[in-house]
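The following exercises are to be worked with the sequence and the coordinates at hand. Each task is followed by a solution in steps.

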Amino acid sequence: MKRLAMAGLLAVGLAAGALMRPGLPAVVRAVASARPESAVERGRLVYERYGCALCHGPEGKGGFANPNAETAGKVPGVLYVAEGYTVQELRRKLLDGVPTIGTADSKRPAPPYRMPGWSGHISDEDLGDLVEYLMSLFPQTAEEKWR
Amino acid sequence: MKKTLPITLAIAAAALAHLAPAQEPVDPRIAAYDKGPATIDVSKYPPDMQTRYKTFVAKCSKCHTLARAVNCDFALDEEWERYVKRMMRKPGSEISSTQGKEIFEFVAYDSKTRKKALYERKLKEAPKP
């Protein structure tokens with residue numbers, strides 16, 4: 001009998017909680033459930049979700065300050081990764097991150113920002129989409145043939 | 001005073017550590033490259049490659065040891081092209097696209113000459129287009 005009363009109380013509590021919890025607006029639910037068909041578009045969302053834009057910029061142009069980084073004290077952009085990496089190399093880079101940032105001046109403190117490795121934190125699907133997105137950023141007008 | 005000093009020092013150390021976190025040591029593979037020879041004997045290379053070597057030395061030693069570029073295991077043209085372009089795009093590298101191409105032409109030639117065995121092995125292993 002006691003058990004039954006407890007279960008009843010629990011059920012009432014859960015129901016009340018569900019009723020009191022403000023529901024998400026319809027527009028937010030629609031956006032959250034919409035999954036873009038294109039891998040590039042999904043990759044753009046991954047880029048935003050994982051905070052890549054915080055350092056590399058919303059458009060991937062980089063330029064955010066990273067004092068004493070050998071890269072002119074800035075976080076590099078990601079617009080040109082397609083010419084510098086194969087898909088496999090880029091996947092590896094995203095999983096491993098950049099644990100060591102070269103310093104412009106070895107006597108000064110190390111640059112405060114480093115790229116985290118996403119290994120163990122990102123699904124294979126998200127990683128693939130992110131790679132597709134990053135590869136898509138390359139401006140075709142910048143292509144140079146050296147061979 | 002005696003009691004507060006160590007605490008103050010500990011807080012200061014923690015603050016400094018936060019500002020300048022210890023970086024992870026250089027990848028052992030790269031550290032090994034860094035310990036190798038830092039020059040290439042180009043005296044028998046064609047004059048245009050000797051000129052390109054100067055660009056290679058001037059530009060590639062700006063951000064990392066020259067030994068790293070001299071001793072790394074890149075050998076194929078496509079590997080070098082990707083890598084030089086990657087470096088060229090880094091802020092502050094100050095490698096123009098003309099200089100990048102010169103560097104690429106030098107390292108590609110050097111790989112087929114000085115690293116001939118590695119080049120041929122990698123070429124054989126590379127997937128055919």
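**Exercise 1.** At what angle do helix H3 (residues 47–60) of chain B and helix H6 (residues 97–113) of chain B pack, and how far apart are their axes?

*Solution.* The model is a predicted one, in which local features need pLDDT of at least 70, side-chain atom pairs count only at pLDDT 80 or more, and totals for chains, interfaces and linings use all residues. Residues are numbered from 1 along each chain as its sequence is written, while chains are lettered from A and ligands numbered from 1 in the order in which they are written.

Step 1. Helices (H or I, at least four residues) and strands (E, at least two) are DSSP runs, numbered from the N terminus. Axes are lines fitted to C-alpha atoms, for helices over the stretch in contact, and angles run from 0 to 180 degrees between N-to-C directions.

Step 2. The angle between H3(B) and H6(B) is about 115 degrees, and their axes lie 8 Å apart. The two helices are therefore roughly perpendicular, a term for angles of 65 to 115 degrees.

Step 3. Residues are in contact if their C-beta atoms, placed from the backbone, lie within 7 Å. H3(B) contributes Met49(B), Arg52(B), Tyr53(B), Thr55(B), Phe56(B), Lys59(B) and Cys60(B), and H6(B) contributes Gln99(B), Glu102(B), Ile103(B), Glu105(B), Phe106(B), Val107(B) and Tyr109(B).

Step 4. Ala, Val, Leu, Ile, Met, Phe, Trp, Tyr, Cys and Pro count as nonpolar, Asp, Glu, Lys and Arg as charged, and the others, Gly among them, as polar.

**Exercise 2.** Describe the crossing of helix H3 (residues 39–49) of chain A with helix H7 (residues 124–136) of chain A.

*Solution.* Step 1. The axes come within 7 Å and cross at roughly 100 degrees, which makes H3(A) roughly perpendicular to H7(A).

Step 1. Among the contact residues are Arg42(A) and Tyr47(A) of H3(A), and Asp129(A) and Tyr133(A) of H7(A).

Step 2. By class, this contact comprises 6 nonpolar, 3 polar and 5 charged residues.

**Exercise 3.** Which element of chain B gives the most to the side that touches chain A?

*Solution.* Step 1. The contact takes 20 residues from chain B and 20 residues from chain A.

Step 1. On the chain B side, helix H5 (77–88) and H6 are the elements that give two or more residues. H5(B) gives the most, with 5 residues.

Step 2. The chain B side has 7 nonpolar, 4 polar and 9 charged residues.

Step 3. For the model, ipTM is 0.76 and pTM is 0.77.

Note on methods:
Parallel < 35°, antiparallel > 145°, perpendicular 65-115°, else oblique. Contact = placed C-beta atoms within 7 Å.
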